[in-house]
Amino acid sequence: MPLIPTFDFYQIFLQPWSTPQLVSWNLQIIIMGILVCWTCGLVGSFIVVRRMALMGDAISHGILPGLALAFIISGSLGIGAMFIGACLAGLACNFCIEWLHSNTKIREDAAMGLVFTSFFALGVTLISGHTGNIDLDPSCILYGEIGLVPLAEKVEMSGIFLGNRAIWVMGVVFMCIGTGTFIFYRQLLVSSFDITLAKSIGIPVKAVHICLMLALALATVASLEAVGVILVVAMFVFPSVTASFFFNRLLYVLLFSFPLGVLYTLGGFHLAHWLDCSIAGAIAVTATLLFIPACLLGPKGGVCSRFIKS
Amino acid sequence: MPVILRIWPCLVFLFTPLCSMVPTLDAKQVEMLEDDQVWGRVTRFFLLQDTSVQIVALGSALIGITCGLIGSYVVTRRLSLFGDTLSHAVLPGIAVGFIWAESKDNIALLIGATAAGFLGVSCLTFLQKYTHIRQDSALGIVLSGFYAVGICLLTRIQKMEFGSQSGLDSFLFGQASALSIEDLWGIGCTLLMVGLFILFAYKKLLITGFDHSFSRSIGIPADFLQYVLWLLLAFCVISSLQIIGVILASALLIIPAVTASLLVKRMHTYLLVSAALGAAAGLAGSFLSFLGQGMPTGPLIVLISTGIFISVLCLRPTNGLLTQWYFSRKNTLRIQRENTLKAVYQILESHNFQNQTIRTQELMSKRGVDIVHCEMEIQQLVRTGLVTQAPTVPSPSLPGQSTLSLTPKGWEYACKIVRNHRLWELYLTNEAKYAPDHVHEDAEKIEHVLGEDTIRQLERILSNPRKDPHGKLIPSLTDMEMGNIQNI
């Protein structure tokens, strides 16, 4: 079997949509992927503007001990316990980083590197020390498996089939974060760009920051099942950075991350079909592939436009 | 170069015991004992009889030293997350090396990883130099982009015919038990390169690290040194992958160095402490993972480093958390003691120093606290030998019925506090022109911190006063004999 299979248009683009069963299966994967991209893109735009792109990385590593402890205490892989454990661990990770950064002379990058690796190591040790046979597998959390989303249990209400549980959870998280961004857009915008101005016009900067961190933890935990720890970072960073080569205004960057999310998911899905590899990985590779031309040719600060100007 | 001369004996001191372990590696492997006794394992670890134990312990210690040394520069130059990015970026290189050699060939993996590391660094430099992307986003892009390619390749390899038994997963979390002699040589070579580089470029690295433009102006090839440092960092990350894995490789770089930065200030001691901490964490981690069989070595090494960091953060001499708590507690107790003594003095004064003793109840009402607190404060004074407590004759069993008398030491201390208080009140009214009824609160605070020299200065400025603004006596040095005050 060669490393790169031959490119067969029918096999890659049409075959996944050829029968109703395949369509309903693959559609769930696509919807999940798009929801993950949108949620992370929304939060990521603010994170990138605040120069905290790696905070997503840190928090996504830091939630592992929360997952492990939630499993050990509750004894099940139930979504509720996992969610609470992960959110608490994510916030604890964030708190530790900020405490170290503000109360000692340790710089922020070192504090971040120190805290998240420690949390992650604690998580791996807890998991491998406690059980060998559960499917809370560290490498599963790293890769994520969006291809297994259609296997999640179904939600039924009074006999009417409503759809997939994983998609519902992700959808609710997306709605929460989307509504929050819509309502508090002005506060988020001002406090991201000019803290002094934000304080002077009476925006509770600290509270906005904490809410954003909460949203970050929420988005990370919800996306984890689908795309895994590291690729969450890709979904945080790539949409807004790619958009920043086309637009200067944050609102357009935010809105542009929606079509980008659809592109990433569709491209990644078919790329994974072609290469027969991890779908989450392929989505992030697609994001990288789309970033490269944007970076080179983008009208706002792209390499070529800078070169022509100079 | 005096600095190098000062460092190298310490480096030799660090290396020698470890190097002396190498010949014993060839010793015949002791038969695996069928004991599950923890103690048996402990002795087996420390006797270093098993070849695998020797290799893992030596490897972890060496990688600890290497990462500690390089990590010092990583942390001081704010490259902490750079190391993290680099360790993720080598993943596609490892995968490509694997595909190329069609097996887990060390040389191929090393070449692939180095190439990928280089590519990652170049991408990072390119993004920062030629676009408006800020450092954190550029790191995030390189990290997740490279890692995504790596994940795709790895999942692809696992579906190819030679990939099923690849064991490439071990690169994500590390697998110290599979460490081979060749890996050990690789780690040793990296350590040698790092050691030599630091030895020969110590002073230049110091200057470039703290003042980049200055170092360029005096002709130091700052950029070249930076690239060599990056290259060594990549080597360091790659050689630590087998033990600690891609995800946690940056922890070994950051944590010992950050811990050392809490303890020392000078660069050469910083390097040594950081290397020693790294080695200690490596040894302890391999020991623990041997003790609890099946525990992963890499995460344990990281956890031990974190443990050391937390204990240093809490216990370091001047500004550790626990140390600070201890000192502030001590200070609070001293202030409380001094306030009680002052109250005793004031009660004695209100009786015109006619009595030698006061009753507990008087102290209670003067201090405005309940009996339990009052008793605690008295016990404090009794324990430090400032006051003696005697039960009153009529009803010794009732609480609050004991009498107190100051010891000579206690009397002197009480006079000193009252003197501080009243002198300061007088100073505020006479020199700073405060109204006499506004000076008490300020004096309440400052009486506890005025030193002997300041007091003498104040006395000189106020020309040895006898009365404070409220007309009360300021007990002077000569008045500190009890008789003197009674006579007045």
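Predicted model: local features only at pLDDT ≥ 70, side-chain atom pairs only at ≥ 80, totals over all residues.
In strand 3 of chain B, Ala390(B) finds its bridge partner in Thr403(B).

**The strands of chain B**
- Strand 2 (residues 387-391) of chain B runs antiparallel to strand 3 of chain B, and five bridges join the two.
- Strand 1 (residues 357-359) of chain B also pairs with strand 3 (residues 402-406) of chain B in the antiparallel sense, over three bridges.
- Within strand 3 of chain B, Ser405(B) is the residue that stands opposite Thr357(B).

**Helix 14 of chain B**
- Thr360(B), Glu362(B) and Leu363(B) are buried in helix 14 (residues 360-367) of chain B.
- Looking down the axis of helix 14 of chain B, you will find its buried residues within an arc of 160°, so they line one face of the helix.
- The cover over those buried residues includes helix 13 (321-350), strand 1, helix 15 (371-383) and strand 3 of chain B.
- After helix 14 of chain B comes Gly368(B), which has a positive phi, near 70°.

**Chain B as a whole**
- Chain B has 19 helices and three strands.
- It is 488 residues long, and 41% of these residues count as buried.
- If you take the contacts in chain B between residues at least 6 apart in sequence, 68% of them join residues at least 24 apart.

**Domains of chain B**
- Three domains divide chain B: domain 1 (2-316), domain 2 (318-406) and domain 3 (410-488).
- Where domain 1 and domain 2 of chain B meet, domain 1 contributes four residues and domain 2 contributes six residues.
- On the domain 1 side of that contact in chain B, three residues are nonpolar, none is polar and one is charged.

**Where chain B touches chain A**
- Chain B puts 49 residues into the contact, and chain A puts in 49 residues.
- On the chain B side, at least two residues each come from helix 4 (80-101), helix 6 (135-158), helix 7 (170-173), helix 10 (222-263) and helix 12 (297-315).
- Helix 6 of chain B gives the largest share of that side, with 15 residues.
- By residue type, the side of chain B that touches chain A has 29 nonpolar, 12 polar and eight charged residues.

Note on methods
Residues numbered from 1 in each chain as written. Chains lettered and ligands numbered in written order. Contact = placed C-beta atoms within 7 Å. Helix = DSSP H or I, 4+ residues; strand = E, 2+ residues; numbered from the N terminus. Nonpolar A, V, L, I, M, F, W, Y, C, P; charged D, E, K, R; others polar. Buried ≥ 20, exposed ≤ 12 C-beta atoms within 10 Å, placed from the backbone. Pairing = 2+ DSSP bridges. Arc of directions from axis to C-beta. Domains from an automatic or database assignment.
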